[in-house]
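Here is a short briefing on one protein model.

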Amino acid sequence: MAAGQVPVLDLAAFRASLEHMDLQRRQGEDKIELSEDARCMARQWGEAFSTFGFCQIVGHGVPDSVIEAAHDAARRFFKLPEAEKRKCDLGKGYGAGGFTAQGGERVSATASQQPTGEVLGAGNARPPDRVESMVVHGTQEVVIPEGVDGYEAAVHGYHDELVKLLRAIMALTACSLDLPFDYFEPYFFDAEGKRRGESSLRMAFYPAWKEGQEPIPGQLRYGEHTDYTGFTILWQDHNIDGPQTAKEGLKTPPGGLQVRMPDGSWLDCPPLPGAFTVNAGDLIQVWTNDEMLSNVHRVVNPPPGDRSDRISLVFFTGPALDTVVEALPTCCGPRKPARYSPVTASEHLAKKLAASNE
(Lines give C-alpha, C1' and ligand atoms only; values in the text may rest on other atoms or scores of the structure.)
Protein backbone atom coordinates (compact mmCIF):
# COMPACT_ATOMS: atom_id res chain seq x y z
CA MET A 1 0.00 0.00 0.00
CA ALA A 2 1.35 3.41 -0.96
CA ALA A 3 1.91 6.03 1.72
CA GLY A 4 0.74 9.63 1.70
CA GLN A 5 -2.42 11.22 0.37
CA VAL A 6 -3.80 12.94 -2.69
CA PRO A 7 -3.42 16.74 -2.71
CA VAL A 8 -5.80 18.87 -0.63
CA LEU A 9 -6.72 22.19 -2.29
CA ASP A 10 -8.60 25.19 -0.90
CA LEU A 11 -10.78 26.74 -3.63
CA ALA A 12 -11.90 29.79 -1.62
CA ALA A 13 -9.47 32.26 -3.24
CA PHE A 14 -10.25 31.06 -6.74
CA ARG A 15 -14.00 31.20 -6.16
CA ALA A 16 -13.67 34.79 -4.93
CA SER A 17 -11.61 35.71 -7.99
CA LEU A 18 -14.17 34.03 -10.25
CA GLU A 19 -16.96 36.17 -8.77
CA HIS A 20 -14.86 39.29 -9.46
CA MET A 21 -14.16 38.21 -13.06
CA ASP A 22 -17.87 37.55 -13.62
CA LEU A 23 -18.58 41.10 -12.46
CA GLN A 24 -15.90 42.50 -14.78
CA ARG A 25 -17.39 40.58 -17.70
CA ARG A 26 -20.92 41.85 -16.98
CA GLN A 27 -19.57 45.40 -16.85
CA GLY A 28 -17.91 44.93 -20.24
CA GLU A 29 -14.33 45.36 -19.05
CA ASP A 30 -11.71 44.34 -21.62
CA LYS A 31 -8.99 43.21 -19.25
CA ILE A 32 -10.08 40.37 -16.95
CA GLU A 33 -7.34 38.85 -14.83
CA LEU A 34 -7.02 36.27 -12.05
CA SER A 35 -5.69 37.29 -8.68
CA GLU A 36 -2.25 35.95 -7.82
CA ASP A 37 -3.75 33.56 -5.23
CA ALA A 38 -6.12 32.23 -7.88
CA ARG A 39 -3.26 31.78 -10.35
CA CYS A 40 -1.41 29.78 -7.73
CA MET A 41 -4.46 27.57 -7.20
CA ALA A 42 -4.79 27.00 -10.95
CA ARG A 43 -1.20 25.77 -11.06
CA GLN A 44 -1.79 23.44 -8.12
CA TRP A 45 -4.98 22.13 -9.75
CA GLY A 46 -3.10 21.27 -12.93
CA GLU A 47 -0.32 19.57 -10.98
CA ALA A 48 -2.78 17.49 -8.94
CA PHE A 49 -4.56 16.14 -12.00
CA SER A 50 -1.42 15.59 -14.06
CA THR A 51 0.07 13.48 -11.25
CA PHE A 52 -2.85 11.80 -9.46
CA GLY A 53 -6.03 12.55 -11.39
CA PHE A 54 -7.50 13.18 -7.90
CA CYS A 55 -7.60 15.75 -5.14
CA GLN A 56 -9.68 16.71 -2.12
CA ILE A 57 -11.17 20.19 -2.01
CA VAL A 58 -12.19 22.52 0.80
CA GLY A 59 -13.39 26.12 0.48
CA HIS A 60 -15.93 24.78 -2.00
CA GLY A 61 -18.90 26.85 -0.84
CA VAL A 62 -21.46 24.04 -0.52
CA PRO A 63 -23.41 24.63 2.73
CA ASP A 64 -23.14 21.97 5.42
CA SER A 65 -26.93 21.90 5.72
CA VAL A 66 -27.30 20.90 2.06
CA ILE A 67 -24.84 18.04 2.48
CA GLU A 68 -26.48 16.80 5.67
CA ALA A 69 -29.97 16.89 4.13
CA ALA A 70 -28.93 14.92 1.04
CA HIS A 71 -27.02 12.31 3.05
CA ASP A 72 -29.94 11.89 5.44
CA ALA A 73 -32.40 11.49 2.55
CA ALA A 74 -30.14 8.85 1.01
CA ARG A 75 -29.88 6.91 4.26
CA ARG A 76 -33.64 6.97 4.80
CA PHE A 77 -34.21 5.77 1.24
CA PHE A 78 -31.80 2.84 1.52
CA LYS A 79 -33.42 1.80 4.81
CA LEU A 80 -36.71 1.22 3.02
CA PRO A 81 -37.83 -2.39 2.48
CA GLU A 82 -36.44 -3.90 -0.71
CA ALA A 83 -39.89 -4.00 -2.30
CA GLU A 84 -40.33 -0.26 -1.76
CA LYS A 85 -36.93 0.56 -3.26
CA ARG A 86 -37.66 -1.61 -6.29
CA LYS A 87 -40.70 0.54 -7.04
CA CYS A 88 -38.12 3.16 -8.08
CA ASP A 89 -36.42 0.80 -10.56
CA LEU A 90 -37.18 2.02 -14.08
CA GLY A 91 -36.11 -1.30 -15.59
CA LYS A 92 -33.60 0.39 -17.88
CA GLY A 93 -30.35 -0.57 -16.12
CA TYR A 94 -27.89 1.61 -14.26
CA GLY A 95 -27.51 5.15 -15.61
CA ALA A 96 -31.10 5.77 -16.70
CA GLY A 97 -32.11 7.12 -13.30
CA GLY A 98 -33.90 5.53 -10.39
CA PHE A 99 -32.92 2.51 -8.32
CA THR A 100 -30.46 -0.25 -9.22
CA ALA A 101 -30.34 -3.24 -6.87
CA GLN A 102 -27.16 -4.97 -5.74
CA GLY A 103 -25.81 -7.14 -8.57
CA GLY A 104 -27.03 -4.79 -11.29
CA GLU A 105 -23.66 -3.16 -11.92
CA ARG A 106 -20.25 -4.51 -12.89
CA VAL A 107 -18.18 -1.38 -13.21
CA SER A 108 -14.88 -3.22 -13.74
CA ALA A 109 -16.29 -4.33 -17.12
CA THR A 110 -15.96 -0.72 -18.31
CA ALA A 111 -12.14 -0.81 -18.26
CA SER A 112 -10.84 0.33 -21.63
CA GLN A 113 -7.67 0.14 -23.68
CA GLN A 114 -6.03 3.50 -24.33
CA PRO A 115 -5.72 5.38 -26.58
CA THR A 116 -8.31 3.53 -28.69
CA GLY A 117 -10.96 3.52 -25.94
CA GLU A 118 -11.88 -0.12 -26.66
CA VAL A 119 -13.92 -1.46 -23.74
CA LEU A 120 -12.52 -4.76 -22.43
CA GLY A 121 -15.92 -6.02 -21.26
CA ALA A 122 -17.32 -8.53 -18.81
CA GLY A 123 -14.97 -11.34 -19.81
CA ASN A 124 -12.13 -9.57 -18.01
CA ALA A 125 -14.20 -8.18 -15.13
CA ARG A 126 -14.75 -8.92 -11.48
CA PRO A 127 -18.11 -10.28 -10.28
CA PRO A 128 -20.97 -7.74 -10.01
CA ASP A 129 -20.42 -4.99 -7.46
CA ARG A 130 -21.64 -5.10 -3.86
CA VAL A 131 -23.58 -1.85 -4.12
CA GLU A 132 -27.06 -0.55 -4.71
CA SER A 133 -27.74 2.92 -6.03
CA MET A 134 -30.33 5.61 -6.65
CA VAL A 135 -29.64 8.06 -9.50
CA VAL A 136 -31.13 11.54 -9.82
CA HIS A 137 -30.63 13.57 -13.00
CA GLY A 138 -31.92 16.82 -11.52
CA THR A 139 -34.99 16.99 -13.74
CA GLN A 140 -38.70 17.02 -13.05
CA GLU A 141 -38.87 13.41 -14.20
CA VAL A 142 -36.88 12.27 -11.15
CA VAL A 143 -38.27 9.21 -9.38
CA ILE A 144 -39.64 10.19 -5.96
CA PRO A 145 -39.79 7.32 -3.46
CA GLU A 146 -42.72 6.99 -1.11
CA GLY A 147 -42.08 7.23 2.62
CA VAL A 148 -39.00 9.51 2.51
CA ASP A 149 -40.23 12.94 3.60
CA GLY A 150 -38.31 15.87 2.11
CA TYR A 151 -36.47 13.64 -0.37
CA GLU A 152 -37.13 15.74 -3.49
CA ALA A 153 -36.10 19.04 -1.90
CA ALA A 154 -32.95 17.48 -0.40
CA VAL A 155 -31.64 15.81 -3.56
CA HIS A 156 -32.53 18.67 -5.89
CA GLY A 157 -31.02 21.19 -3.49
CA TYR A 158 -27.80 19.19 -3.39
CA HIS A 159 -27.78 18.78 -7.18
CA ASP A 160 -28.19 22.54 -7.70
CA GLU A 161 -25.35 23.41 -5.30
CA LEU A 162 -23.03 20.93 -7.01
CA VAL A 163 -23.82 22.46 -10.40
CA LYS A 164 -22.60 25.80 -8.99
CA LEU A 165 -19.43 24.13 -7.77
CA LEU A 166 -18.96 22.49 -11.17
CA ARG A 167 -18.90 25.89 -12.84
CA ALA A 168 -16.04 26.97 -10.58
CA ILE A 169 -14.20 23.71 -11.23
CA MET A 170 -14.46 24.09 -15.00
CA ALA A 171 -13.25 27.71 -14.79
CA LEU A 172 -10.34 26.56 -12.64
CA THR A 173 -9.55 23.83 -15.15
CA ALA A 174 -9.58 26.32 -18.03
CA CYS A 175 -7.21 28.64 -16.19
CA SER A 176 -4.86 25.77 -15.39
CA LEU A 177 -4.67 25.00 -19.13
CA ASP A 178 -3.99 28.63 -20.18
CA LEU A 179 -7.47 29.03 -21.61
CA PRO A 180 -9.98 31.85 -20.92
CA PHE A 181 -11.76 31.19 -17.63
CA ASP A 182 -15.12 30.81 -19.39
CA TYR A 183 -13.83 28.51 -22.15
CA PHE A 184 -15.85 25.47 -21.09
CA GLU A 185 -19.11 27.28 -20.32
CA PRO A 186 -20.79 26.68 -23.72
CA TYR A 187 -20.27 22.94 -23.26
CA PHE A 188 -21.91 22.86 -19.83
CA PHE A 189 -24.28 25.85 -19.66
CA ASP A 190 -26.57 27.77 -21.99
CA ALA A 191 -26.50 31.53 -22.56
CA GLU A 192 -28.66 32.08 -19.47
CA GLY A 193 -26.34 30.03 -17.27
CA LYS A 194 -28.68 27.05 -17.01
CA ARG A 195 -27.25 23.55 -17.03
CA ARG A 196 -26.73 22.16 -20.53
CA GLY A 197 -24.21 19.43 -19.84
CA GLU A 198 -24.83 16.02 -18.35
CA SER A 199 -24.89 15.75 -14.57
CA SER A 200 -26.35 13.21 -12.20
CA LEU A 201 -26.33 12.48 -8.49
CA ARG A 202 -25.68 8.82 -7.72
CA MET A 203 -26.45 7.90 -4.14
CA ALA A 204 -24.53 4.69 -3.47
CA PHE A 205 -25.17 2.30 -0.60
CA TYR A 206 -22.58 -0.33 0.30
CA PRO A 207 -24.30 -2.78 2.67
CA ALA A 208 -22.62 -4.10 5.79
CA TRP A 209 -21.46 -7.71 5.79
CA LYS A 210 -23.97 -10.23 7.04
CA GLU A 211 -23.45 -13.85 7.96
CA GLY A 212 -23.91 -15.96 4.87
CA GLN A 213 -23.65 -12.97 2.52
CA GLU A 214 -19.88 -12.55 2.41
CA PRO A 215 -18.32 -11.40 -0.89
CA ILE A 216 -17.65 -14.15 -3.40
CA PRO A 217 -14.02 -14.52 -4.59
CA GLY A 218 -12.87 -11.44 -6.47
CA GLN A 219 -15.93 -9.35 -5.56
CA LEU A 220 -15.47 -5.76 -4.32
CA ARG A 221 -17.86 -3.07 -3.20
CA TYR A 222 -17.02 -1.31 -6.50
CA GLY A 223 -14.44 -2.70 -8.88
CA GLU A 224 -11.50 -0.98 -10.54
CA HIS A 225 -12.57 1.60 -13.11
CA THR A 226 -12.17 5.09 -14.46
CA ASP A 227 -15.08 7.53 -14.55
CA TYR A 228 -16.67 8.11 -17.88
CA THR A 229 -16.99 11.77 -18.80
CA GLY A 230 -16.14 14.95 -16.84
CA PHE A 231 -15.12 15.60 -13.26
CA THR A 232 -16.69 13.54 -10.47
CA ILE A 233 -17.39 15.35 -7.19
CA LEU A 234 -17.67 12.80 -4.39
CA TRP A 235 -18.91 13.17 -0.85
CA GLN A 236 -17.58 10.10 0.89
CA ASP A 237 -19.17 8.71 4.04
CA HIS A 238 -17.36 10.92 6.55
CA ASN A 239 -18.77 9.77 9.85
CA ILE A 240 -20.39 6.66 11.28
CA ASP A 241 -21.66 8.16 14.52
CA GLY A 242 -22.23 11.87 14.01
CA PRO A 243 -22.77 14.69 11.50
CA GLN A 244 -21.21 14.25 8.08
CA THR A 245 -19.85 17.78 8.16
CA ALA A 246 -18.29 17.65 11.63
CA LYS A 247 -14.95 19.44 11.72
CA GLU A 248 -13.31 17.02 14.15
CA GLY A 249 -13.77 13.59 15.70
CA LEU A 250 -14.71 11.90 12.43
CA LYS A 251 -15.01 8.12 12.37
CA THR A 252 -15.13 7.01 8.77
CA PRO A 253 -16.49 3.53 8.00
CA PRO A 254 -13.86 1.04 6.77
CA GLY A 255 -13.95 -0.33 3.26
CA GLY A 256 -13.61 2.85 1.22
CA LEU A 257 -12.02 4.54 -1.76
CA GLN A 258 -8.59 3.55 -3.06
CA VAL A 259 -6.71 5.38 -5.81
CA ARG A 260 -4.04 3.78 -8.00
CA MET A 261 -0.68 5.48 -7.75
CA PRO A 262 1.81 5.98 -10.61
CA ASP A 263 3.84 2.99 -9.37
CA GLY A 264 0.78 0.72 -9.52
CA SER A 265 0.21 0.58 -5.75
CA TRP A 266 -3.10 1.47 -4.13
CA LEU A 267 -3.57 4.45 -1.83
CA ASP A 268 -6.38 4.67 0.72
CA CYS A 269 -8.18 7.99 0.32
CA PRO A 270 -10.19 8.69 3.49
CA PRO A 271 -12.06 12.00 3.48
CA LEU A 272 -10.78 15.01 5.35
CA PRO A 273 -13.23 17.11 7.39
CA GLY A 274 -15.50 19.13 5.14
CA ALA A 275 -13.79 17.96 1.95
CA PHE A 276 -15.13 16.69 -1.33
CA THR A 277 -13.00 14.25 -3.32
CA VAL A 278 -12.68 15.19 -7.01
CA ASN A 279 -11.40 13.08 -9.89
CA ALA A 280 -11.16 13.55 -13.64
CA GLY A 281 -13.11 11.33 -16.03
CA ASP A 282 -12.12 9.90 -19.40
CA LEU A 283 -13.25 12.87 -21.49
CA ILE A 284 -11.11 15.23 -19.42
CA GLN A 285 -8.08 13.10 -20.32
CA VAL A 286 -9.06 13.15 -24.01
CA TRP A 287 -9.68 16.92 -23.97
CA THR A 288 -6.34 17.61 -22.29
CA ASN A 289 -4.39 15.06 -24.37
CA ASP A 290 -3.14 13.28 -21.22
CA GLU A 291 -2.21 16.46 -19.35
CA MET A 292 -4.93 15.50 -16.84
CA LEU A 293 -5.41 11.86 -15.92
CA SER A 294 -8.57 9.82 -15.61
CA ASN A 295 -7.13 7.59 -12.91
CA VAL A 296 -8.19 4.10 -11.91
CA HIS A 297 -9.89 3.74 -8.52
CA ARG A 298 -12.08 1.31 -6.59
CA VAL A 299 -14.06 0.82 -3.37
CA VAL A 300 -12.67 -2.07 -1.34
CA ASN A 301 -14.40 -4.41 1.07
CA PRO A 302 -14.30 -3.75 4.82
CA PRO A 303 -12.32 -6.18 6.97
CA PRO A 304 -14.08 -9.46 7.81
CA GLY A 305 -16.45 -9.06 10.72
CA ASP A 306 -16.96 -5.33 10.28
CA ARG A 307 -20.63 -4.40 10.43
CA SER A 308 -20.53 -0.85 9.02
CA ASP A 309 -22.42 0.10 5.89
CA ARG A 310 -21.37 3.06 3.76
CA ILE A 311 -23.22 5.77 1.83
CA SER A 312 -21.58 7.97 -0.80
CA LEU A 313 -22.99 10.92 -2.74
CA VAL A 314 -21.40 10.77 -6.19
CA PHE A 315 -21.97 13.74 -8.51
CA PHE A 316 -21.06 12.89 -12.09
CA THR A 317 -20.57 15.69 -14.61
CA GLY A 318 -19.91 15.96 -18.31
CA PRO A 319 -20.38 18.20 -21.33
CA ALA A 320 -23.57 18.27 -23.40
CA LEU A 321 -24.06 14.95 -25.19
CA ASP A 322 -23.54 16.45 -28.65
CA THR A 323 -20.09 17.78 -27.68
CA VAL A 324 -17.24 16.53 -29.86
CA VAL A 325 -14.32 16.07 -27.49
CA GLU A 326 -10.85 16.38 -28.96
CA ALA A 327 -7.48 17.74 -27.87
CA LEU A 328 -7.65 21.36 -26.72
CA PRO A 329 -5.54 23.94 -28.58
CA THR A 330 -3.24 24.49 -25.58
CA CYS A 331 -2.71 20.73 -25.10
CA CYS A 332 -1.44 19.67 -28.52
CA GLY A 333 0.83 20.87 -31.29
CA PRO A 334 3.64 19.78 -33.61
CA ARG A 335 5.65 18.38 -30.71
CA LYS A 336 2.64 16.81 -29.01
CA PRO A 337 0.11 15.47 -31.50
CA ALA A 338 -3.34 14.45 -30.35
CA ARG A 339 -3.32 10.89 -28.97
CA TYR A 340 -7.07 10.33 -29.20
CA SER A 341 -9.55 10.44 -32.06
CA PRO A 342 -12.43 12.89 -31.62
CA VAL A 343 -15.39 11.35 -29.82
CA THR A 344 -18.85 12.63 -28.94
CA ALA A 345 -19.75 12.66 -25.27
CA SER A 346 -22.89 10.61 -25.98
CA GLU A 347 -20.97 7.89 -27.84
CA HIS A 348 -18.43 7.42 -25.08
CA LEU A 349 -21.00 7.49 -22.26
CA ALA A 350 -23.28 4.98 -23.99
CA LYS A 351 -20.40 2.58 -24.57
CA LYS A 352 -19.35 2.65 -20.93
CA LEU A 353 -22.88 2.28 -19.54
CA ALA A 354 -23.59 -0.66 -21.83
CA ALA A 355 -20.50 -2.46 -20.51
CA SER A 356 -21.40 -1.76 -16.87
CA ASN A 357 -24.89 -3.19 -17.33
CA GLU A 358 -23.72 -6.42 -19.03
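Two strands count as paired if DSSP finds at least two bridges between them. The model is predicted. An open sheet of eight strands is one topic here. A packed pair of helices, α1 and α5, is another. Two cavities of 30 Å³ or more complete the list.

**Sheet**

- The strand order is β1-β2-β12-β9-β14-β7-β6-β3, and the pairing is mixed.
- β1 (8–10) and β3 (98–100) are the edge strands, each pairing on one side only.
- From one strand to the next, the twist averages 25°.
- β1 pairs with β2 (residues 54–58) in the parallel sense, over three bridges.
- Within this part of the sheet, Asp 10 stands opposite Val 58 of β2.

**Helix across the sheet**

- Helix α3 (residues 64–78) lies across β3, β6 (132–136), β7 (198–206), β9 (231–235), β12 (276–280) and β14 (310–318).
- The angle between α3 and β14 is about 115°.

**Helix pair α1 and α5**

- Helix α1 (residues 12–26) packs on α5 at about 85°, and the axes are 10 Å apart.
- Angles of 65 to 115 degrees count as roughly perpendicular, so α1 and α5 fall in that class.
- From α1, the contact uses Phe 14, Arg 15, Leu 18, Asp 22 and Arg 25.
- From α5, the contact uses Arg 167, Ala 168, Ala 171, Leu 172 and Cys 175.
- By class, the contact of α1 with α5 has six nonpolar and four charged residues, with no polar ones.

**Largest cavity**

- Its volume is about 50 Å³.
- The lining of the largest cavity consists of Arg 167, Met 170, Ala 171, Phe 181, Asp 182, Tyr 183, Phe 184, Glu 185 and Phe 189.
- Helix α5 (residues 151–176) gives the largest share of this lining, three residues.
- Six residues of the lining are nonpolar, three are charged and none is polar.
- Arg 167 and Ala 171 line this cavity and also take part in the contact of α5 with α1.

**Second largest cavity**

- The second largest cavity holds about 40 Å³ of space.
- Val 163, Leu 166, Phe 188, Phe 189, Arg 195, Gly 197, Glu 198, Ser 199 and Gly 318 line the second largest cavity.
- α5 and β7 are the elements that give two or more residues to this lining.
- The lining of the second largest cavity has four nonpolar, three polar and two charged residues.
- Phe 189 lines the second largest cavity and also the largest one.

Notes. Residues numbered from 1 in each chain as written. Predicted model: local features only at pLDDT ≥ 70, side-chain atom pairs only at ≥ 80, totals over all residues. Heavy atoms only, no water. Helix = DSSP H or I, 4+ residues; strand = E, 2+ residues; numbered from the N terminus. Axes fitted to C-alpha atoms, helices over the stretch in contact; angles between N-to-C directions. Contact = heavy atoms within 4.5 Å. 1 Å grid on protein atoms, 1.4 Å probe; cavity = no way out; pocket = protein on both sides within 12 Å on 5 of 7 lines; lining within 4 Å. Points joined across faces, edges and corners; volume = space filled by probe spheres on them. Nonpolar A, V, L, I, M, F, W, Y, C, P; charged D, E, K, R; others polar. Parallel < 35°, antiparallel > 145°, perpendicular 65-115°, else oblique.
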